[in-house]
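Here are my notes on the model you passed along. Have it open in your viewer while you read.

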Amino acid sequence: MTAIPAPSLSPEVEGYLAHLASERDVSPNTVIAYRRDLAEFGRYLGQYYGGDDWSWGGVDRLAMRGFLAHLNRRGLARRSIARTLSAVRGLYRFMQRDEIVDTNPARSVGTPKLERYLPTHLDRGQMARLFDAASSRAADGRHSDVRNLAILELLYSTGIRLAELHGLDRRGVDLLSQQVRVRGKGRKERIVPIGDHATRALRNYESARDELARRLGGAADRDAFFLAERGGRLSRRGIQQAVGKLLSLVDEDAGLSVHSLRHTFATHLLDGGADLRAVQELLGHASVATTQIYTHTSVERLKAVYQQAHPRA
């Protein structure tokens, strides 16, 4: 099957995307999405101005409002429209910094109010079954199974993101102090505590990892904590597949993913009485408003319990 070539972008857009990837340490998926969004913005401007005779500095408020209307006509979700506007605003901030443009017309367009949604998470019974299944597989001592149990325990114990787990290095794991150092969004580092169950699973994995490294010799990555069978750093896709197979044992049709464990971590902490600000710090959220979605999850569950238990509900 012939690959579809990437759209041709202006030097300004390419410079901005390179800036995001190298200086801002934005995730590759976000860069890909922004590339697609800005390519569409460029195509729209070409149609709006009737050709290639337009400049970034000449884009005005009316053009921006027309672009927003264009996105709405396409039937995009509000979250997708908000991401596209974020990409355009960021591009203009970048060009203002480099004195390519004087103003940012994207600031004149309001971001659509996002839909609130309840994150998918597992209840305590599902987590118990999940760990039983993973522990049973790891009992034979095979590297991949011991590793996958350690990944599962670490995700649930810390709530770290997929990208943070993928980038975890050996020097960032301190099992004596029971904590890990991860690099989150915007290259921000934070220290996250590890529970006893996760610590034991990680110690067992270290032994399996050392055995794999001895067998492979110089082929094993010396820095990465989680290794693939050939000795390289376990890829994001590899993590998703490993965790996804285990999650499918709990509920094949629930649409659970690696991120569901992050949601589960936050929900269970708040259900247990944890302070919202503390959960915000553990998750690495820049704003407590992002963390508050998990309080809605708890309220919805309380309502369900009330409806089932109260005789006059």
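The points below go from the overall picture to single residues.

1. Ground rules first. This is a predicted model, where local features need pLDDT of at least 70 and side-chain atom pairs count only at pLDDT 80 or more, while totals for chains, interfaces and linings use all residues. Residues are numbered from 1 along each chain as its sequence is written, and side-chain values use heavy atoms, with hydrogens and water left out.

2. Overall make-up. The protein has 13 helices and 3 strands; these are DSSP runs numbered from the N terminus, helices being H or I with at least four residues and strands E with at least two. Along the principal axes, the C-alpha atoms fill a box of roughly 70 × 65 × 40 Å. Of the 313 residues, 41% count as buried. For burial, the cut-offs are under 20% relative accessible area for buried, over 50% for exposed, and partly exposed in between, with a 1.4 Å probe and protein chains only.

3. Taking the contacts with a separation of 6 or more, 58% are between residues 24 or more positions apart, contact meaning heavy atoms within 4.5 Å. There are 47 positive and 36 negative charges, and their mean positions are 3 Å apart. Lys and Arg count as positive, Asp and Glu as negative, with His and the chain ends not counted; each charge is placed at NZ of Lys, CZ of Arg, CG of Asp or CD of Glu.

4. Helix H11. Which residues of H11 are buried? In this helix, residues 276-283, they are Val-279, Gln-280 and Leu-283. They cover an arc of only 105° around the axis, so they sit on the same side of H11; the arc is that of the directions from the helix axis to the C-beta atoms. As background, an α-helix has 3.6 residues a turn, so residues three or four places apart point the same way. Arg-277 and Glu-281 are exposed on the other side of H11.

5. The ends of H11. Just after H11 comes Gly-284, with a positive phi of about 80°.

6. Arg-190, worth a click. This arginine lies in strand S3 (residues 189-193). Is Arg-190 buried or exposed? It counts as buried, since its relative accessibility is 12%. Its side chain reaches the backbone oxygen of Leu-282 at 3.0 Å, and a polar atom of that side chain lies 3.3 Å from the backbone oxygen of Leu-283. Leaving aside neighbours within four places in sequence, the contacts of Arg-190 include Glu-164, Arg-262, Glu-281 and Gly-284.

7. Helix H10. Phe-265 is found in H10 (residues 258-271) and is buried, with a relative accessible area of 6%. Not counting residues up to four places away in sequence, Phe-265 touches Leu-282 and Leu-283, among others. Ser-260 also has its place in H10 and counts as buried, at 2% relative accessibility. Among the residues that Ser-260 touches are Thr-120, His-121 and Leu-122.

8. Two phi values to check. Most residues other than glycine have a negative phi. Glu-99 has a positive phi near 60°; this residue is in the loop between helix H4 (78-97) and helix H5 (124-138) and is exposed, with a relative accessible area of 70%. Gln-178, likewise not a glycine, has a positive phi of about 55°. Its place is in the loop between strand S1 (173-174) and strand S2 (179-183), and at 25% relative accessibility Gln-178 counts as partly exposed.

Key:
A polar contact is a pair of N or O atoms within 3.5 Å; within protein, one must be able to donate a hydrogen and the other to accept it, and residues adjacent in sequence count only if both atoms are side-chain atoms.
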